[in-house]
Amino acid sequence: MNDRLLRWAGVKPEDHRKLFALGPIFFLCGIAEMLTFNGYVTLFNERLGSEYLPYVYMAEAVILPVEAWLLSWLTGKLTKPQLMRAMFLILFAVVAVNAAVLLCFRLTGAEVRWYYPFLFLSSSFVVRQQTILLWSLAIDLCPTQQSKRLMPLFVSGAASGGIVAGLLALGVSPLLGPDAVYVLAPLFLLAGAPNYWKAIHRYLVPLTLKATGSGDGETDINASTYYYKKSFTWPYMLVAMAVMTAMPALYFLMEYEFLNVTRAIYTNESEFGAFFGLVTALLFTLALALQAFSNRISAWIGPSNMLVAISAVFGAGFLLVALSLPTPVILYAISLSYMFYYLLLYYFAEPANQMYFKLLPISQRDGFRYVVQGVSASAGIALGALLQWLHAGLGMDLRTLAWVGAAAAGGLVLLARYGRQLYMRELIRSVQSMTAADGVSADAFREFSRHARFPALLAEMLDHPNDYGREVALELIRRYRPGGFEPKLLQLLTHPSSRLRMAALRALDASAAGPEALSRVAALLDDPDHHVRAEAIRLMGRANAAVGDAARWVRTKLQDDHPLVLAEAVKALFLLKDEASFGACCERIERLLQEGGESAVAIVNAVGELKLDRYLPEVVRLLQDPSPALRAAAIESLGLLRHTPAVPLLLEHLERAEPMLQEATKDAWIRMGDDIVPPLLAALPDAPPRVWAVAVRTLASMLSEDGCRQSLVPEAVRMLQSLWSNRPLPAALRARADDGFAGIAELRLEELRRIALDAAWAVMARLMDDTVAQAIRAATEDADEEVRDSGIEALAEGVGDGRLTAALLRQLSSWDEEPALPADPAADALRAARESRDPWLERLAAYAFEGEEERRMGKDKDERQLFGLLEKVVFLKQVPFFSQLSLDELGRVAEIAEERFHPEGTRIFTQGTANKTMGVVVEGRVDVTVQTPAGEQFKVSELGPNAVYGESSSLYGTLTTASGTAAGGELRILSLNGDALSKLIQLYPGIGIGVLRAAFDRVRKLEMTIASSTQ
């Protein structure tokens, strides 16, 4: 039942932890906040008098800047988690001290009237800062999309707390008095403290493990001066400031009217407290009801009209009060007006005010926001106090004061309308220049699309000399589909720029395009740019009118010489249901699938998108194709076709797959759905490490939290323990004087550690908040030791699953420590490696277990010794040209490397001839010489051990630019056939990238040598 309710509310499974952690905080603190508010307002109003309210508000207006300065100072002294904890303690302490004082007054019968201004000011500080604190916590902990899903529930929780607080006040105040209502507040704050502390500890602390450095203090001061100066000289910000000042001022005036009217009716403080509790309960019931429709209301009137509408309601409220005074209905009129004022100001106006800032560049938003909000908060209270003083100081009657409020609200309506005009003007300017807010927000564009000037602006942009501006306009037309632009779009189909032709095709509404428009599009089917041809075909495939003509035009492109165009034609004809073309389409599909290679990529994608199961055997066969792009497309297509019988084959290919293909396999498995879970779980125990890691990461994204705990946590712990048991292997190999093999073991263990940690963190992220898991992992891998220690400390607090946490902690905190070896190094360490599922560790352990004669293939000491696979890998790792490769990549190169011996004086390569072999010198020397046009020979260099020659001629087919001769005795090399290496690079692009990096390093060193020699 709860799960269905949460799904109905749009809550995803990954939101549950934060919802259950923060939801009770908002509910309990919402109760505490409204009990505090009810208590201090009632006590001040009844024991001191509302006539003193203007003076208290003036004092608060003076205090606010000091409060802001103190809080900013505190912010600079504490980390974010420390600040959040400190603020909660301060708020609790203020309410608790006030509650203790009220209890003392109650028990002793003492009455200190001038204590109540302090009660009002301190409690107002608590209510104000508690609201900011809770929303800040929620915003900090929830990413943007999660925030959109959970914020309505948090608001509902706070509103429900307000209802409970109102009912408590309604019941407690008549029995025990309003001071008892106030005393309850710290108890509810205390009840919310455990969840508050836990949320900070589990979510906020990890997110702030690595604090970003702050800027230079002088820069901050200069920036602050700039924002103040700009805010008071820019009409746009001045109007924003005026609106944000006037709204709270009118609220405080309505509050003053409400307190005076109700005080005259309820002379007993217990009765007033009970009535105020009823108003509070009704107010938050209304808030809860409005929350369900807030998004629809905002969408209906538009965000920029929200402030105008609120201002109009403010004016209606004062009119209602003025007309009701002094009739018997005044209590209902003023209570209703007060409730709406409260709701509109704090639930609708505050978010709507943010429209003024969202058009600003991101780097400047907060600067202007803090200045404008800070000034308007203080000015709003001061203006509200001044309006209240018209009654308290000058004796103006409440009815006349209400007419003043109505007049002021009328002025606010005009001011809000003018602010909207300025906002729309800024939005238009932003769209024209495309410089605002680092890209105008989607919400702003959506609202602007309903503005009367939107079509005119788009027309202007389509005539803009800058092609980028035209592309933006075309994208807006595609997104919002304003009418009347088809002639202009058809005109742009002949533009010289292929980018604009494509953008115009995307902007055309295929469902509304008539025969004439489609005929104009058909002209682009012979466009010289194949991307334009493909886009034109896509549009034809979505046509609703002249379907027969569209199919006839598209049918001609089945003869197109570009595979992308041909694939789009096949898709379009199937979408158009042109059965007459199905035979030709199938023939083209079969031909391209048979040919394979890069040209088949698009058609394989089309097979998957169209769900053409009949071609499954051909798609499966293409998993063996040499082209990585085609193999990736075949894997993606199998996922789209949900072909689960291919799982064993995908598992088989995964061990030697490139990272790109591993990710493609993971995505394909996810598309296959829940049917993939059993075979993947069954494969985990015997899977090699890379296969295991991809399967675990796939399952972590598919299984429920309970499923991860039951199936994946034990697997991840087992893998980490197995890795830990192999940790002594390098030391064991060094003990046998096998330093080269020890280095390979270290390299492999580090690779396996990264693989295992990737999978383990994927599981951990499923058991806790994903952003928190990422933050903790980033901290544990940081270069700064202090940050790493903080990350390990955060992990040690028990986040996620305890078993996995313990295994991760051992890996992260003790991996680099020198492992203790048993008396016989080979006994335990090598045995554990030999039982590993990793082929490299097995090879290394087997090598170490072999006897000296067996390892040397039974050869005598003086006899020539040949490299085995491991020896080749050890050697290649020492060669700078191959130093960037992983162990798997080195192994693949070693498999095609042939050991050769050349007597001294043998010509290895000859200038001006083709050379199919890349060589790596193992022993001996190669003298490199160059022959001049005159026939003279010059020795230019000597290539010793670890040097590489022939890389350009063997890989790129260029002629050799020098000659090389074996020198210094017998020459021993590893020979790499250029064709075999090229094929290997095609199959495993990571090898090509590693070789390219090494080549760049060589060029960089050469440049440095040349530069130093010229100085």
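A residue counts as exposed when its relative accessible area is over 50%, as buried when that value is under 20%, and as partly exposed in between. Keep those cut-offs handy as you look around this predicted model. Take Lys 577: its relative accessibility is 66%, so Lys 577 counts as exposed. You'll find Lys 577 in the loop that links helix H25 (563-575) to helix H26 (582-595).

Arg 481 is another non-glycine residue with a positive phi, here about 50 degrees. Its setting is the loop between helix H19 (467-480) and helix H20 (486-492). With a relative accessible area of 36%, Arg 481 falls between the two cut-offs and is therefore partly exposed. The cis case sits elsewhere: the peptide bond joining Leu 325 and Pro 326 is cis, with omega at about -5 degrees. Pro 326 belongs to the loop between helix H12 (303-324) and helix H13 (330-353).

Now zoom out. The protein chain has 47 helices and six strands. Of its 1015 residues, 51% are buried. The accessible surface of the chain comes to about 45,500 Å², and carbon and sulfur atoms account for 58% of that. As for how the chain meets itself, take the contacts with a separation of 6 or more: 77% of them are between residues 24 or more positions apart.

A couple of pairs put some faces on that kind of sequence separation. Val 11 is in the loop between helix H1 (2-8) and helix H2 (16-49). Val 11 and Leu 150 are 139 residues apart in sequence, yet their C-alpha atoms are 7.1 Å apart in space. Is Val 11 buried or exposed? Its relative accessible area is 4%, which is under 20%, so Val 11 is buried. Ser 701, in helix H33 (residues 689-702), gives us another pair. Its C-alpha atom is separated by 8.1 Å from that of Ala 762, which is 61 residues away along the chain. Ser 701 itself has 44% relative accessibility and so counts as partly exposed.

On to the helices. Helix H43 (residues 869-878) is mostly covered, with seven of its 10 residues buried. Those buried residues are Leu 870, Glu 871, Lys 872, Val 873, Val 874, Phe 875 and Leu 876, so the list includes the charged residues Glu 871 and Lys 872.

Last stop: a helix pair. Two packed helices are described by the angle between their axes and the distance between the axes. For helix H34 (residues 705-725) and helix H39 (residues 802-814), the angle is about 25 degrees and the axes are 9 Å apart. An angle under 35 degrees counts as roughly parallel, so that is how H34 and H39 run relative to each other. Their crossing is left-handed. On the H34 side, the residues that meet H39 include Val 713, Val 717, Leu 720 and Trp 724. Among their partners on H39 are Leu 804, Ala 807, Leu 808 and Gln 811. Sorted by class, the contact of H34 with H39 has 10 nonpolar, three polar and three charged residues.

Definitions and conventions
Residues numbered from 1 in each chain as written. Predicted model: local features only at pLDDT ≥ 70, side-chain atom pairs only at ≥ 80, totals over all residues. Heavy atoms only, no water. Helix = DSSP H or I, 4+ residues; strand = E, 2+ residues; numbered from the N terminus. Buried < 20%, exposed > 50% of the residue type's maximum accessible area, 1.4 Å probe, protein only. Contact = heavy atoms within 4.5 Å. Areas by Shrake-Rupley, 256 points an atom, 1.4 Å probe, with all protein chains shown as cover. Axes fitted to C-alpha atoms, helices over the stretch in contact; angles between N-to-C directions. Parallel < 35°, antiparallel > 145°, perpendicular 65-115°, else oblique. Left-handed = near helix turned anticlockwise from the far one by under 90°.
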